[in-house]
Amino acid sequence: MSRAFLLVLVVGLALGASSASALRMPGAPRCPVFPKSNPWNQRVDSLPVAADSTQIVDSIGAGTGLHADFGSGLWEGAPIGIPITVVGRRQPKRRVSFEYADESDRGPYPIPRNVKIEGGRSSTGDRHALIVDRSSCRLYELYALYPKGRGWRAGSGAIWSLRSNKLRPAGWTSADAAGLPIFPGLARYDEVKRGVIDHALRFTVQRTRRAYVFPARHYASDSNDPSLPPMGLRLRLKASFDVSAFPRQARIVLLALKRYGMLVADNGSSWYITGAPDPRWSNDQLHTLGRVKGSDFEVAGK
């Protein structure tokens with residue numbers, strides 16, 4: 001990817017694309033989900049297609065279907081998706097010991113004993129924990145969170161102000177491999193109930209490049225293969241893709257992918273988009289997203 005492409009991408013996302021105000025969480029109505037000018041809230045449907053779009057899509061999997069990595073009910077005994085815990089000013093804050101302490105925010109973190117953990121309390125997976133403090137409008141995100149005596153340990157952690165566009169230091173991870181916040185990239189049922197998701201979504205791919213582009217700050221790969229996507233790359237559903245035959249929940253997700261796209265945030269199964277679990281999701285409707293193939297996407301760029 002050329003330096004000229006990266007410059008155009010940064011300028012286009014920061015200045016040229018239209019923006020929206022992402023729907024505030026019902027549990028934290030005073031808190032924005034980052035400012036209107038934040039990259040997560042930028043529309044990219046008017047940006048041109050990147051010159052290497054086909055090459056990138058092919059490397060991710062042109063024939064592979066989209067997958068909603070969220071839904072209702074349980075999968076292997078755990079809620080489907082990354083849950084969100086909302087706390088207030090009375091929640092005590094705790095110190096956390098980090099495996100990657102040199103790239104983690106020290107805290108302390110307002111972690112309740114019943115904090116919601118991705119995959120459930122007995123999970124052996126990524127164990128993300130997302131905590132929104134509705135009193136301070138701060139976002140606390142942790143990766144691989146485990147109880148440790150009366151305290152906690154985690155792989156990494158990051159703290160964000162939901163009123164600020166401040167990025168992580170260059171080269172730093174977060175609770176996500178790309179050094180991005182996870183919370184603003186989740187599909188939430190309260191948005192679908194309203195009828196529109198007005199922000200980009202987070203997704204994973206199996207292989208990434210040893211590089212990152214704005215607004216990402218970190219990579220997690222040893223490969224310099226130019227056909228692989230760097231962390232933070234934004235793809236969007238092609239404008240020509242007809243979403244009219246999809247059921248309502250899937251259609252709202254697809255319209256968001258046309259307007260705001262999705263950002264490469266972590267290594268994992270390709271074309272898996274992330275959301276928060278909710279009993280009101282229709283898994284049958286979300287499963288229809290599998291009819292959308294990688295070839296229906298393109299890289300938003302120069």
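Predicted model: local features only at pLDDT ≥ 70, side-chain atom pairs only at ≥ 80, totals over all residues.
Trainee: How many aromatic pairs does the whole structure hold, and what is the angle between the planes of Tyr-189 and Trp-281?

Mentor: A search of the whole structure finds 8 aromatic pairs. The pair of Tyr-189 and Trp-281 is edge-to-face, with 5.6 Å from centre to centre and an angle between the planes of 85°.

Trainee: Where in the chain do Tyr-189 and Trp-281 lie, and how many residues apart are they?

Mentor: Helices (H or I, at least four residues) and strands (E, at least two) are DSSP runs, numbered from the N terminus. Tyr-189 is in helix 3 (residues 189-194). Trp-281 is in the loop between strand 14 (272-274) and helix 5 (283-287), so the pair links distant parts of the chain, 92 residues apart.

Trainee: Is Trp-281 buried or exposed?

Mentor: Buried means under 20% relative accessible area, exposed over 50%, partly exposed in between (1.4 Å probe, protein chains only). Tyr-189 has 16% and is therefore buried. Trp-281 has a relative accessible area of 3%, so Trp-281 is buried.

Trainee: Where is Pro-230, and is Pro-230 buried or exposed?

Mentor: Pro-230 is found in the loop between strand 11 (201-205) and strand 12 (234-237). In sequence, Pro-230 is 16 residues from Phe-214, and their C-alpha atoms are 10.0 Å apart in space. The relative accessible area of Pro-230 is 1%, so Pro-230 is buried.

Trainee: How many helices and strands does the protein chain have, and what is its radius of gyration?

Mentor: The protein chain has 5 helices and 15 strands. The radius of gyration is taken over C-alpha atoms; the globule rule is 2.2 Å times the number of residues to the power 0.38. For 302 residues that rule gives 19 Å, and the chain is close to this value, so it is as compact as a globular protein of that length, with a radius of gyration of 18 Å.

Trainee: What share of the 302 residues is buried?

Mentor: The C-alpha trace spans about 50 × 40 × 35 Å along its principal axes. Of the 302 residues in the protein chain, the buried share is 55%.

Conventions
Residues numbered from 1 in each chain as written. Heavy atoms only, no water. Phe/Tyr/Trp six-rings, centres within 6.5 Å; stacked < 30°, edge-to-face > 60°.
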